[in-house]
Amino acid sequence: MSVIYINPYVFSAVAYDADAAAYIALVEGASGDNQALEAAVKDAINSYVLSLKLNSIWTDAIQLLLPCGPRTLAGALIPLKGTAPTNSGTFVTGDYNRKLGLTGSGTKYLNSNVLATSLPGATHALAWYGSITENSTPDKFLIGAYNGVTQQSLVLLDSWIGSASGRAFRSATFNAGTFPVSTSTASADCLIGTRTALNSATLYVNGTATTNTSTVSPAFNAYSFYWFALNNANAPAGYSGSRLAAGGIYTIGMNSTQAAAFRSAGATYLAALNTAIP
């Protein structure tokens with residue numbers, strides 16, 4: 001009699017969501033880890049995708065990054081959804097932790113390859129979950145795009161902006177109007193900048209919202225968003241040393257429930273990885 005042994009660390013009894021399964025296949029393939037993920041890690045990825053879909057923050061994402069879970073840096077840089085980023089910095093294996101995410105420095109960034117012109121002027125969102133530690137000048141940027149010309153449109157999630165002594169989301173004409181800013185100097189794990197209308201922009205810091213009513217520019221400039229820095233006319237500026245575990249670029253504005261759900265999904269995913277990965 002033949003006995004078939006199924007390794008529970010590789011195979012799972014869970015029926016995966018189609019998008020989660022497609023992502024897992026890419027991560028495990030030749031362009032990623034080139035080996036199987038643990039079953040519990042795959043289960044965690046599936047649960048993360050389902051959570052985003054349940055809270056309507058999947059479909060309208062142009063790019064979703066999940067740089068934690070895969071065994072290798074190559075696997076971690078495969079996008080969960082949308083356009084693949086370019087490792088322009090360049091990040092190396094030592095910058096990556098399977099259980100925590102990808103950590104920046106003073107010279108490293110990812111080119112999202114997503115143009116700011118992809119975002120509607122009245123509805124969009126930039127989301128970062130991981131660890132945000134900057135709390136002093138000089139300015140540090142998590143993700144942003146700008147053409148370097150005063151009075152032109154700027155879309156930027158600030159880890160720290162010295163002039164406002166806090167974290168910020170800027171989505172309007174540079175030097176025009178005011179921007180939502182948190183003056184907290186505390187470490188944060190989640191920043192989400194979102195615009196739900198031409199006169200309504202909100203920054204969520206760990207779930208706490210600050211709102212303004214500055215008018216957005218009618219169109220953004222054709223510059224790609226950089227992660228871990230601002231793309232300032234095709235040159236990185238204000239590198240962040242924060243850690244990215246999950247991030248997204250959206251063509252919709254998030255409400256408070258969705259912002260809280262994005263943070264909760266990230267926290268649940270990291271907790272699952274902590275258990276799943278030896």
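Predicted model: local features only at pLDDT ≥ 70, side-chain atom pairs only at ≥ 80, totals over all residues.
**Entry 1: Tyr250.** I started with Tyr250 and skipped its neighbours within four places in sequence; beyond those, Tyr250 is in contact with Ile57, Asp60, Ala61, Leu64, Leu119, His124, Ala125, Ala127 and Phe262.

**Entry 2: a second core.** Leu119 turned up in that contact list, and I found Leu119 again in a second, separate core of 35 residues, which also includes Phe225, Trp227 and Ile249.

**Entry 3: the largest core.** Next I looked up the largest nonpolar core, which has 39 residues. Which residues have the most contacts inside it? They are Tyr48, Tyr250 and Phe262. I then checked which elements give two or more residues to this core: helices H1 (18-28), H2 (39-54) and H4 (256-276), plus strands E1 (61-65), E7, E12 and E18 (243-250). H4 gives the largest share, 8 residues.

**Entry 4: strand E12.** E12 was on that list, so I wanted to know why E12 is described as largely enclosed by the rest of the structure.

**Entry 5: who pairs with E12.** I followed E12 to its partners. Strand E7 (residues 124-132) pairs with E12 in the antiparallel sense, over 7 bridges. One pair I looked up here is Ile132 with its bridge partner Ala188 in E12. Strand E13 (residues 200-205) also runs antiparallel to E12, joined by 6 bridges. There I noted Thr194, whose bridge partner in E13 is Thr202. How many residues lie between E12 and E13 in their hairpin? I found 2.

Methods. Residues numbered from 1 in each chain as written. Heavy atoms only, no water. Buried < 20%, exposed > 50% of the residue type's maximum accessible area, 1.4 Å probe, protein only. Helix = DSSP H or I, 4+ residues; strand = E, 2+ residues; numbered from the N terminus. Pairing = 2+ DSSP bridges. Core = buried A, V, L, I, M, F, W, Y, C linked by side-chain atoms within 4.5 Å. Contact = heavy atoms within 4.5 Å.
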